Amino acid sequence: MGILDGLEALGLGNLKKIDTIYEEEHKNDEQEGVSDQPKKKEEKDFLMEKEFECPVCQRKFKQRLARTTLKCTGHDIDLRPVYEGIDVSKYDVIFCTDCGYAVLTRYFAALAPTHRKLLNENIRKNFKPQNRDLPETISYEDAVLRYKMALANAMVRLAKNSEKAYICLRAAWLYRGMREDAIQKGEKDKDKLKAMQDAEKEYLITAAEGFIKARAGETPPYAGMNSTTLDYVIAAIYMETDTNLKDGVRLLQDVITSRTATPQNKEKARELLIEIKKKLGE
Ligand SMILES: [Zn+2]
């Protein structure tokens, strides 16, 4: 599948002609119920409302984001955090349904006039305004479209490779969450589950490509990560996707011998290295 498939419905089919994501780098308070039985919390209970002003069309709009007081229950091998009661990935894209502006929360900021112009000409002009309602929760399908819009926006405004790669990593995490959710709800359609897994893999591979380019052309931090964390994440993606395993070994050896990596990072790298070497031995 194409990585931007599905944006036709929003009027942005032409964006699919952009066939490369990455350019070559140019250096340069919780309310508890009062009843005796504690109410089981639902997804909506882990969300909060926040108002934003769109930096492209200036409309003020509200959006639901994950609360900041969530309980983290662990991390996947590629550092995806898992929280109790909610898949935070579903709520991490800020999306203006009037003009099509979309961005990951960590990158929400004022725009340079040149970038606003690019977004006006290449997204807003063709975008079909969507329903302004603020739903209690959003579906995985809606969340996928938001990530695709965030990636399309980043491509149009010539964002750094690290940002585009990070959007791809987060989109991969979203598909992983979608598949876990489907399995938990008893989904038996193997083709459906496989499609989610394939989409996750495609985004992971695209993320690793972008992180490699970012590593060569940008200065840290890369999407909030230092060099050793980034190397670890790239190696973890290689392990998860069964690609470039030998490069993964080299990256992890660099982390293990690095003078700046923390003991915890080195330990994680050692554990991952054992797993990759097992795969290579197979
Ligand atoms: Zn807007």
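The donor residues of the zinc ion follow the sequence spacing C-x2-C-x38-C-x2-C. The model that shows this site is predicted.

**Zinc site**

- Cys54, Cys57, Cys96 and Cys99 coordinate the zinc ion through their SG atoms, at 2.3 Å.
- The arrangement is tetrahedral because the four donor atoms subtend angles of 103 to 116 degrees around the zinc ion.
- Cys54 lies in the loop between strand 1 (47–53) and strand 2, and Cys99 lies in the loop between strand 5 and strand 6 (102–104); the pair is 45 residues apart and links distant parts of the chain.
- Cys54 counts as buried because its relative accessibility is 1%, under the 20% cut-off.
- Cys99 also counts as buried, at 2% relative accessibility.

**Largest pocket**

- The lining of the largest pocket has 27 residues, and Tyr140, Gly177, Asp181, Gln184 and Lys185 lie nearest the centre.
- Strand 4 (81–83), helix 2 (140–156), helix 3 (161–184) and helix 4 (190–217) each give at least two residues to this lining.
- Helix 3 supplies the largest share, six residues.
- By class, this lining has 13 charged, nine nonpolar and five polar residues.

**Second largest pocket**

- The second largest pocket is lined by 22 residues, with Phe95, Thr97, Asn131, Asp133 and Arg146 nearest its centre.
- Strand 2 (60–66), strand 5 (93–95) and helix 2 each give two or more residues to the lining of this pocket.
- The lining of the second largest pocket divides into ten nonpolar, eight charged and four polar residues.

Key
Residues are numbered from 1 along each chain as its sequence is written. This is a predicted model: local features need pLDDT of at least 70, side-chain atom pairs count only at pLDDT 80 or more; totals for chains, interfaces and linings use all residues. Side-chain values use heavy atoms; hydrogens and water are left out. On a 1 Å grid over the protein atoms alone, a cavity is a set of points where a 1.4 Å probe fits but cannot get out, and a pocket is an open set with protein on both sides within 12 Å along at least five of seven lines; lining residues have an atom within 4 Å of a point. Helices (H or I, at least four residues) and strands (E, at least two) are DSSP runs, numbered from the N terminus. Ala, Val, Leu, Ile, Met, Phe, Trp, Tyr, Cys and Pro count as nonpolar, Asp, Glu, Lys and Arg as charged, and the others, Gly among them, as polar. Donors are N, O and S atoms within 2.8 Å of the metal (3.2 Å for Na, K and Ca); water is not among the atoms, so sites may look incomplete. Four donors count as tetrahedral if all angles lie between 85 and 135 degrees; four count as square planar and six as octahedral if opposite donors are over 155 degrees apart and all others between 65 and 115; anything else is irregular. Buried means under 20% relative accessible area, exposed over 50%, partly exposed in between (1.4 Å probe, protein chains only).
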